[in-house]
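Please walk me through this protein model, taking the sheet, a pair of helices and the pockets in turn.

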Amino acid sequence: MRYVSSGESHGRALTAIITGVPAGVPVDSAAIDADLVRRQSGYGRGGRMAIESDRALILSGVRFGRTIGSPVTLSVANRDWDNWTDVMAPQGPATSSARVTAPRPGHADLAGVQKIGSEDCRDILERASARETVARVAAGAVARALLRELGVTITSFVVSIGDVSMDMPAEPSEIDSGAVESSEVRCPDPDASARMIAAIDKARTDGESLGGTFCVTTKGLVPGLGTYAEAAGRLDARLAAAVISIPAIKGVEIGDGFAAAGRPGSQVHDEIAFNEARGFYRRTNHAGGLEGGMTNGEPVWLRAAMKPIPTLMRPLASIDLDTHEPVDASRERSDVCAVPAAAVVAEAEVAMVLADAYLQKFGSDCVDDISAALAAYKARIGR
Ligand SMILES: Cc1cc2nc3c(=O)[nH]c(=O)nc-3n(C[C@H](O)[C@H](O)[C@H](O)COP(=O)(O)O)c2cc1C
């Protein structure tokens with residue numbers, strides 16, 4: 001199961017085509033839209049999110065609420081398109097006054113124009129914009145619908161914004177998702193939430209921006225997804241690549257991650273236990289549910305670090321593409337902090353990787369066959 005996205009930030013729409021979706025997955029457009037709303041929200045978002053009200057239109061692959069085994073196409077209209085029909089016109093002459101010639105540090109702008117031989121950063125920034133993550137979240141909602149059928153759930157929560165952090169819980173997958181969704185910064189700790197909001201307010205006042213870290217957690221995964229046998233099939237590698245592909249994500253830690261490197265082995269590795277009710281299990285989950293490139297049956301959890309938003313209202317220094325003279329970097333309407341939204345995008349990326357791992361192990365044509373194969377596997381390994 002894979003997706004490809006297309007569309008520009010101020011174009012007509014963002015589109016996701018998802019291939020390899022088995023038949024029989026219940027797809028509810030309201031559930032897709034609910035994830036899109038979660039991506040749009042979060043304290044610290046900019047004016048653009050107030051304009052857009054994202055809704056997915058199902059263009060193919062779903063009939064009477066169930067997938068039919070053909071590629072699923074989802075399209076999300078950009079409401080702002082109406083204001084950009086001149087600047088983003090697919091046909092007709094360019095309006096030269098609309099060029100962006102002051103590339104923004106921290107963005108794809110400068111290397112992008114050099115790469116493709118353009119004189120207008122808009123050719124780059126329209127696609128490099130994180131508005132593209134709308135398509136990722138829509139695609140991820142289809143993966144999530146499949147996983148739900150297989151008993152798997154995925155959630156996320158914000159751990160830190162700027163220098164404000166909550167204490168990491170011992171078992172992140174047990175976090176109360178109600179508390180997460182009722183926090184404006186998607187942080188389950190009310191005291192840390194309040195301090196994060198204050199930090200975002202201060203950043204906004206200062207013309208600054210903030211990054212942070214978040215955790216993605218899962219429940220219900222069987223052991224043995226992924227592989228120890230092939231580098232490209234290792235699930236830890238695939239999850240890290242998927243999450244770091246999100247714009248502005250600069251690091252991914254699986255389980256205790258970097259902290260584990262500073263501890264002795266006896267405090268890092270999760271001892272193996274067994275009882276009749278649970279089968280094999282671990283008393284701790286420092287590994288984040290992954291060993292040897294595979295799930296080990298414990299909840300998979302990972303953390304990611306997002307850099308501060310690069311577009312600043314107090315702009316950084318740049319050089320004009322035409323004159324080569326110093327200028328302020330251009331300013332697109334921008335978020336001050338998008339860590340809560342990035343966590344929702346990461347849920348979608350994790351869902352896509354995990355859904356694909358299930359299909360690789362249990363078949364890929366039809367949900368009933370996949371469920372039967374999964375049940376037989378669970379019976380064999382005693383879970
Ligand atoms: C959900 C989300 C929203 C973002 N919003 C903005 C924004 O409003 N302004 C901005 O300059 N960057 C924003 N970014 C970050 C940029 O997209 C990103 O830093 C840029 O594309 C460069 O990619 P890189 O940071 O991976 O090198 C956002 C990222 C995400 C994930």
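The paragraphs below follow that order, after a short note on the model.

This is a predicted model, in which local features need pLDDT of at least 70 and side-chain atom pairs count only at pLDDT 80 or more, while totals for chains, interfaces and linings use all residues. Residues are numbered from 1 along each chain as its sequence is written, and side-chain values use heavy atoms, with hydrogens and water left out.

An open sheet is formed by four strands in the order β1-β2-β6-β3, with antiparallel pairing; helices (H or I, at least four residues) and strands (E, at least two) are DSSP runs numbered from the N terminus, and two strands pair if DSSP finds at least two bridges between them. Because β1 (2-6) and β3 (56-60) stand at the edges with a single partner strand each, one side of each has no neighbour in the sheet. The twist from one strand to the next averages 20°. Five bridges join β1 to β2 (residues 13-19) in the antiparallel sense, and Tyr-3 stands opposite Ile-18 in β2. Across β1, β2 and β6 (72-77) lies α5, which runs at about 35° to β2; axes are lines fitted to C-alpha atoms, for helices over the stretch in contact, and angles run from 0 to 180 degrees between N-to-C directions.

Turning to the helix pair, the axes of α9 (residues 339-362) and α10 (residues 367-381) come within 9 Å and cross at roughly 75°. The contact (heavy atoms within 4.5 Å) is made by Tyr-358, Leu-359, Lys-361 and Phe-362 of α9 together with Asp-369, Ile-370, Ala-373, Leu-374 and Tyr-377 of α10. Seven of these residues are nonpolar, none polar and two charged, where Ala, Val, Leu, Ile, Met, Phe, Trp, Tyr, Cys and Pro count as nonpolar, Asp, Glu, Lys and Arg as charged, and the others, Gly among them, as polar.

Finally, the pockets: on a 1 Å grid over the protein atoms alone, where a 1.4 Å probe is used, a pocket is an open set of points with protein on both sides within 12 Å along at least five of seven lines, and lining residues have an atom within 4 Å of a point. The largest pocket is lined by 39 residues, of which His-107, Ala-128, Ser-129, Ala-130 and Arg-131 lie nearest its centre. Its lining divides into 18 nonpolar, eight polar and 13 charged residues, and α2 (47-51), α4 (122-128), α5 (133-149), β10 (249-254) and α9 each supply at least two of the lining residues.
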